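These are my notes from one sitting with the model. I went through each chain as a whole and then looked up a few local features.

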Amino acid sequence: MLFKHLKHSMYAVAFLAMAMACEPEIDRERPSYEEARGEADFSTYVALGNSLTAGYANNALYREGQLNSYPAIIAEKIAYITPGFEFNQPLMPEGNGVGFIGGTSIGRLELLSTDPLQLSPTTPSSGWENPVQGPVHNLGVPGAQVSHLLAPGFGNPAQGPGNFNPYYARFAASAQSSVVQQAISLEPTFFTLWIGNNDVLGYALAGGAGNASITPVGEFSTYYQAIIQALLAARPEMEGAVANIPDVTMIPYVSFIRYNQLDLDAGQAEQANQTYAAQIDPQVRAGVDSVAKATVIRGVIEGGTRQRIEAEVRPAVAAAVAENIVYQQAYDKAYEASIDLGASEEQADAIATQQAEAYVASPQGKEQISQLETALLEEQAPEEAQAAYEGAAQTQIETIYASKEIQNQMDATFEAAINNMDELSSVLGEQGAATVEAVFTSDDIVAQREAGFNQQISDLKAVGFYPVFQEGPNPFIMVDDNPENPLGIRQLREGERILLSAMLEGQLNPETAALPKADRHILDAAEIAQIKTAIEGYNQVIAEVTSENTLALVDVHNFFIQFDQQDGGYTEAGTTFNNAFITGNAFSLDGVHLTQKGYALMAKRFIESINTYYGSQIPEPNIRNYPAVGLPR
Amino acid sequence: MKKSLFLFLAAILFSGSLWAGGYQVLLQSNRSTAMGNIGVGLRPDPSSINFNPGALAMMRGNGIQVGANLIYSNIAYQPFGSDQVYRTYNPTGTPFHLFAAFGLEDSRLKFGLGVYTPYGSSVVWEDNWEGRFNLTQLSLQAIFIQPTISFALNEKLSIGAGFIYSIGGVNLQRDIDVPFADGTYSSAELDGQASGFGYNLGLYYTPSRQFSLGINYRSRVNMEVTEGTASFDAPSAAYASGALPESTTFTAQLPLPSYLTIGAVFHPTEALSLGIDVSRAGWSAYESLTFNYADPVAGHTTTSEARNYEGSYTYKFGAEYLLIPMLRIRAGAYYDQSPVQEGYLTPETPDSDALGLTAGLGLQLGDNFNADFSFLFINRMQRDNVSALENGLSGTYKAQAVIPGLSLTYIF
């Protein structure tokens, strides 16, 4: 009954099947290209830049990263509004791509474990060097500095290893082409440029040590203007967007570890204090003691010399002074007697002189002189005589003591003694050496030495040369080549940076964390100031060039500032971006380059700037579609 | 590992919006379904237990009705500024209904029991779709068990009431924007059983042989999930940091809205019936979706996301024609207003105003037995959504559904 009309039932079933298979279709209007492009023409877009433009991440340029490079994301969105749009990238073969550590090629970094942190390089993609065929619109070259974009032969392997860029070699149009020339040859109507990071990054990543240098701002300016002029001279109608340079001291490689993130428990702090004290205290004590001993030696030499001079000078002076006094007494006596007898003054003088000379030569006179001489030496002479004697003796002693000869003698002896600290007796004689030892170990001097030591220690601690560790966070210790630092190490100061390299090289393990860190792991305040000054200079140049040439400016510098973890970071689409290593969403496992999510955010910023400047309607990417760092299960 | 990494989890972990609006399951009798889903004023049969308990007392004899439908639904989503279209691959939904009504001969009282599924849905989005962090799949169902009593006050007027005990289940899965090293993503799954209570009131009035009128009010039912399980597949670092538990329990409350319908049926001739129903669903009860977790999830023990639904109307028209003594043909249409306001469209509720077109036939197989076939095509209007929710999806949705069904009724 039910299936009497089988044929109709078949139709019904067929209809049902069709209806069930039917998928809803979305039919949406989109703006015409003329409407959406605003005042720019996006029909041929080229991207110039460095690793950030290439899509480099996790310490390698690899295919997945390239597919989500910020130029690729921008291009995908340009394609939505631009009919027939094409954008080609120099894609790596499948696999881990290639990056370099030292001169060794590796594939992208892999995160094996977060606790403990374990990163491992992978095997590079085979055939990564093979040349890329066809036109390339993403001309980002990892490692490129501002001058490199203009350099002919930048990708010419004939220049020999180390003298050409292996990434550019993959897609250089010819052996002698430069990146800028190659861009021009594509006849672009629109470009983006993000270059200059590497002009300061190398210095920052090297901790300002070794050969690393910062491109001077003047030089940067010359090259930067030359790039823009070359592009616009060849393509006068071309529009573009230019990004400035972020503060490279913000990247996790530089900023992730805080200067005082040396976390110690009470026992570790105590142990570190003991270790440093065992190193430093004897050094300081030896320094204080050697100064003290030198002072004592000098004193002993000076005292001995003075004694010797006195021994020589005093008897002669006493004899001369005694004879003089006795003569004068005899003279005065004879003179007065002669005057009393009515002699003239001249007669009296002649008589007195004769009698006085006779007296001092007489046995009686000699006896009196000898007695007075003895009295003077024993300081028992009459007051006036004694004073005359002391005055004469002192004058003569001081004159001799201050003489160049004596001074030179003493200096020579002192030098000889300092150079023979262990055998002072050979220089100062047994007695001198004994005196030095006796004085050096006398209660007074020992107390002075101790006080000097304590003062020295407290001064060193006060300036942060001598580290003191407490339970909790402590500043890390660095090697310090400041000549005014006697210890050659110091605590890091607030604002200074310890680089990720210290962690990656195992310098922050519990057993190594408190040890002094080499200069190449540290950006000190002076180095940071140099970096910031250079970036400020570069960005000044970029702002001026951009404005003079009516290009859109992408203010990456001010945007990156929001990534500061201390301020909570920047939140968009439910993701918080900050400069935390691995977990900060913005930066990949190398702590320098962005994650795909980070690059998507950059693409969004570029598009916003372009749309604002040119009145265009390029859609923005949804950054939730792009991954951050993948974590182990 | 920083907790902040996982804070994005904070918003929704699931939405029960499909419990109505979207694919509110208006499939409680294939006779009604074929007639544009009108029901309150129709001449009574066992399905009146749902549509209008007040009409049940007027049913002749005793009856049992069983039926089911097959829901083939498809949703498409296209983000703004993209050519990419994402689709669902939903499993076929199978709502059912079972009604039994009996009364003593010549009694004014009728008793009934209904077991039916007024709300339910299954949504499975394609892999790696753009809204994966909002929803990857959802399955939910509410089964109403409703003992009913109906009383004829006189030959023209009858009333009825039913007590609703609702049981149900929900399973919701979504990805979390924390990738694993292998490129796959972390995910969350919420699974729970729910139950609730309500009532169903009706009044049926037949002033003449040509005209019948009905009013039905089905109360709001709060479905309570008292011990759901939320489990997370995430990197060990997320567990270690305390950002996510591997598993925890949750409680939630999901309001199934009240539903008020007024309807009338005319019989211009013996063979022809024309009906109209106007319904209002009390969706304004659904202000937000809140979950309370036993252990902190991304640092929170409570998450809440605004829904801000508004009450919505449905206008239904239907007709039935007795072609030959054993065959009735039916057709209808209804217009269903979306309760979802601008900006609040979510992948659980890609809801918009919908037009339902219905057709069907009823076969009288002997004196006691009849079979009702129906076919329903739901066309939801394409709708743009600029999300008002944090992390909501902004794009264009379009949904369609095709629903055939069959009910069998035995009267004795």
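Predicted model: local features only at pLDDT ≥ 70, side-chain atom pairs only at ≥ 80, totals over all residues.

**Chain A, overall**

I counted the secondary structure of chain A and have 21 helices and 16 strands. Its radius of gyration is 45 Å, whereas the globule rule gives 26 Å for 633 residues, so chain A is more spread out than a compact globule. I then laid a box along the principal axes, and the C-alpha atoms of chain A fill roughly 185 × 60 × 45 Å.

I looked up burial next: 48% of the 633 residues in chain A are buried. The accessible surface of chain A is about 29,900 Å², and carbon and sulfur atoms hold 51% of that. For contacts between residues at least 6 apart in sequence, I find that 72% in chain A join residues at least 24 apart.

**Strand S1 of chain A**

I picked strand S1, residues 45-49 of chain A, and checked its cover. Of its 5 residues, 5 are buried. I sorted them by face: A:Tyr45, A:Ala47 and A:Gly49 lie on one side, A:Val46 and A:Leu48 on the other, and both faces are covered.

Which strands pair with S1(A)? One is strand S6 of chain A, residues 190-194, which pairs with S1(A) in the parallel sense over 5 bridges. Within that pairing I traced A:Ala47 to its bridge partner A:Thr192. Another is strand S5 of chain A, residues 138-140, also parallel to S1(A), over 3 bridges. There the bridge partner of A:Gly49 is A:Gly140.

**Backbone exceptions**

The peptide bond between A:Asp115 and A:Pro116 is cis, with omega at about 5 degrees. I placed A:Pro116 in the loop between strand S3 (104-114) and strand S4 (117-122) of chain A.

A:Glu379 has a positive phi, near 60 degrees, and is not a glycine. I find A:Glu379 in the loop that runs between helix H13 (363-377) and helix H14 (383-401) of chain A.

B:Ala298 is another residue other than glycine with a positive phi, here near 50 degrees. Its loop lies between strand S14 (288-297) and strand S15 (300-306) of chain B.

Are these two residues buried or exposed? A:Glu379 has a relative accessible area of 58%, over the 50% cut-off, so I list A:Glu379 as exposed. B:Ala298 has 1%, under the 20% cut-off, so I list B:Ala298 as buried.

**Chain B, overall**

For chain B I counted 4 helices and 21 strands. The radius of gyration of chain B is 23 Å, close to the 22 Å from the globule rule for 412 residues, so chain B is as compact as a globular protein of that length. The box along the principal axes is roughly 75 × 40 × 35 Å for its C-alpha atoms.

Buried residues are 58% of the 412 in chain B. I have about 15,000 Å² for the accessible surface of chain B, with 57% belonging to carbon and sulfur atoms.

How values were computed. Residues numbered from 1 in each chain as written. Chains lettered and ligands numbered in written order. Heavy atoms only, no water. Helix = DSSP H or I, 4+ residues; strand = E, 2+ residues; numbered from the N terminus. Rg over C-alpha atoms; globule rule 2.2 N^0.38 Å. Buried < 20%, exposed > 50% of the residue type's maximum accessible area, 1.4 Å probe, protein only. Contact = heavy atoms within 4.5 Å. Areas by Shrake-Rupley, 256 points an atom, 1.4 Å probe, with all protein chains shown as cover. Pairing = 2+ DSSP bridges.
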